[in-house]
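Hi,

Here is the structure I promised to pass on.

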Amino acid sequence: MTLHQNFIAGSWTDGAEAADNINPSDTGDVVGRYARASREQAEQAIAAARAAFPAWSRSGIQQRHDILKKVADEIVARKDELGRLLAREEGKTLPEATGEVLRAAQIFDFFSGETLRLAGEKLPSTRPGIDVELTREPVGVVGIITPWNFPIAIPAWKIAPALAYGNCVVFKPADLVPGSAWALSDIIIRAGVPEGVFNLVMGRGSVVGEALLNDPRVDAITFTGSVGTGKKVAAACVEHMRKFQLEMGGKNPLVVLDDADLNVAVDCAVNGAFFSTGQRCTASSRLIVTEGIHDKFVAAVGERLKGLVVDDALKSGTHIGPVVDQSQLDQDNSYIDIGKKEGAKLAFGGEMLSREKPGFYLQPALFTETTAEMRINREEIFGPVASVMRVKDYDAALAAANDTAFGLSAGICTTSLKHASHFKRNAEAGMVMVNLPTAGVDYHVPFGGRKGSSYGPREQGRYAAEFFTIVKTAYTLP
Ligand code: NAD
C-alpha cells in the first residue's frame, strides 16, 4: 500500500513510523497508510518554516490570493472524491462529509479575498506634526494542531488565514484521521506555496504535537481539541511567552420552552444532538425543556429517533454513521452506564448495533429525568448521547443552560420575542441560536466560545486577523 508521506522543507518525506487509517464503518477496510513524523522531523519542519518566513511575509498579496483561490477551486472540483474520503475515514455520512469539504473550499475562497482587503489606519497624532500609522503584520511560524472530528474544515479555517496574512505553517493533523488533511495539504502544496512556507507533519500528539509546543522557534499555536490537551498547549505557550488560541469542548444547552413550535424544537434537538454521530463540539448534549411541553417533546424526539438509520457512512439513506473508533465508543458506552447508575432513565437507544460490515455502530441514546449534577450533564461525552432536563420555567431553563464549565454554543426554541431576546443577551456562550440547532455555523463570521470552551481571539471571518496578525503602531515626524 502506498505510504502517504509528510511534507517537510519542500520535500515529501517518509516518517519514523507509519500507521493505517481505518474505516469506522468497516474495520476491515484500510483507507490508507500514513507517515508518522519523529520529533527531529517536526523540528526540521519548524526550521524550514522559520527560514521561509522573511520572504513569505513580504510576498505580494496577489501571489497569496492566487494560491488560496487555486486551493478553493481544486477542492470544489474534487468535492465528491474528497467527500467520500472524509466519510470513509471519519464516519460522518456522505452528504455531511461533502458539505464539510465544500466548507473548506468556501473558507479558502473567503481568505483569498481577505488577502486583498487587509487594511491599516493612518491617524493624526496628539503631538503636532507627527503621523501615526497602524499596520498588521504576520505573526511568524504558526503551529496548527487539529482534532479528528472535522478533518478538513478545521485545518482549512486555520491554514487559510495563516497563509493569507503571510505566516508560515507547520500543520499537525489528528493522528486518527489523517487522510483528508493529507489530501488538503497536497492541494495546497501543488497550488504553489514556496518551499518551507507550508509543512505537513502527521504523527502522534505526544511526539509531533509536543515538538511544536516545546520549540521556541514557533511564534504562535492555534489548537482545536479536548480541554485536557488544550491545557497542556496553554502551559507550554505561556512558558515560551507566545501567542495561542484554543478551541475546546462543549456541553451545549438547547432550551425548549412551552411556546416553542414542537416540530422546530424536535428538528433542532435531533440534528444538534445526534447528527455527525454527536461528535461535534457544538452538539446539543443537554436538552433543557419546560414542564408544559416536556412529555410531548420527549415522545416526539423518541418517534423521530426510531426513524433514523444508523449504518455505513457511505451508504445512501444513512442518517447517522458509526462512532469514530473503539476508544471513543468505549467512552460513549461508559457514559451510558454512568447515566444509568446516576438514576437517569434511558428513554431511547444506547445499544450496540451490528451491520453488514464490522463497525462502531451505536444506537443514539436519549436520557430523560436527568439532573444538573449528573456527570452526563457536566462532562463532554462527544458521542450520540443526549439528556433531557425538565425545568419549571424560562428562568430555571436559563440558569440550567448557564450551569456548566463550558460556553461554546447555546440554543433556544421559542416563539416569544421577549424570551429569545433575553436569552441572546444572557446565555453564557460564544454563539447563540434561536430556533436553530446549536451546531451549524456560517464561515464568514466569528466562531468560538467562552469559559472552558475557548481561549484567545475568535476564529473565522475577518476576526481571524486578530490571531494571525500583530498590530504595529508607527510614529513619523516627516
Ligand atoms: P485531542 O485533544 O485528543 O487531540 C487534538 C489534537 O491534539 C490532535 O492532533 C492530537 O494529536 C494533538 N495532541 C494530543 N496530545 C498532544 C500533546 N501532548 N501535545 C500537543 N498536541 C497533542 O482531541 P480530539 O479527540 O482529537 O478531538 C475531540 C475534542 O475536540 C473534543 O473535546 C471536541 O469538543 C473538541 N473540538 C472542539 C472544537 C471547537 O471549535 N471548540 C471543534 C472540534 C472539536
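Predicted model: local features only at pLDDT ≥ 70, side-chain atom pairs only at ≥ 80, totals over all residues.

Residues are numbered from 1 along each chain as its sequence is written, and side-chain values use heavy atoms, with hydrogens and water left out.

The contact (heavy atoms within 4.5 Å) takes 31 residues from domain 1 and 36 residues from domain 2. About 2,500 Å² is buried between the two domains, and carbon and sulfur atoms give 58% of that. Buried area here is the accessible area (1.4 Å probe) that two parts lose on being put together, summed over both. On the domain 1 side, Ser25, Trp148 and Lys451 lose the most area to domain 2, together 21% of what that side buries.

How many salt bridges are there between domain 1 and domain 2? The count is 1, where a salt bridge is a side-chain nitrogen of Lys or Arg within 4 Å of a carboxyl oxygen of Asp or Glu. Lys451 also turns up in a salt bridge with Glu428, at 2.8 Å from N to O.

Helix 3 (79–90) and helix 4 (94–115) each supply at least two residues of the side of domain 1 that touches domain 2. Helix 3 gives the most to that side, with 4 residues. Helices (H or I, at least four residues) and strands (E, at least two) are DSSP runs, numbered from the N terminus.

**Salt bridges across the structure**

A search of the whole structure finds 31 salt bridges. One of them joins the side chains of Glu17 and Arg204 at 3.3 Å, N to O. Glu17 sits in strand 4 and Arg204 in the loop between strand 10 (198–200) and helix 7 (205–214), so this pair ties together parts that are 187 residues apart in sequence. Glu17 is partly exposed at 39% relative accessibility, and Arg204 is partly exposed at 33%. For these labels, buried means under 20% relative accessible area, exposed over 50%, and partly exposed in between (1.4 Å probe, protein chains only).

Lys472 and Glu137 form another salt bridge, at 2.9 Å from N to O. Lys472 is in strand 21 (residues 469–476) and Glu137 in strand 7 (residues 131–138), so the parts they tie together are 335 residues apart in sequence.

For a local example, take Lys306 and Glu303, whose side chains meet at 2.8 Å, N to O. Both lie in helix 10 (residues 291–306), 3 residues apart, about one turn of the helix. Salt bridges that share partners also join Glu74, Arg78, Glu81, Asp186 and Arg190 into one network.

Three strands form an open sheet in the order 1-5-4, with mixed pairing. Strand 1 (3–4) and strand 4 (17–22) stand at the edges with a single partner strand each, so one side of each is left without a neighbour in the sheet. Two strands pair if DSSP finds at least two bridges between them. Strand 1 and strand 5 (residues 30–36) pair in the parallel sense over 2 bridges, and Leu3 has Arg33 of strand 5 as its bridge partner.

**One tryptophan to look at**

Is Trp56 buried or exposed? Trp56, which lies in helix 1 (residues 39–57), is buried, with a relative accessible area of 3%. Leaving out residues up to four places away in sequence, Trp56 touches several others, including Ile67, Leu163, Cys168 and Pro194. A polar atom of the Trp56 side chain lies 2.9 Å from the backbone oxygen of Asn167.

Cheers

Note on methods: Polar contact = N/O pair within 3.5 Å; in protein donor to acceptor, adjacent residues only side chain to side chain.
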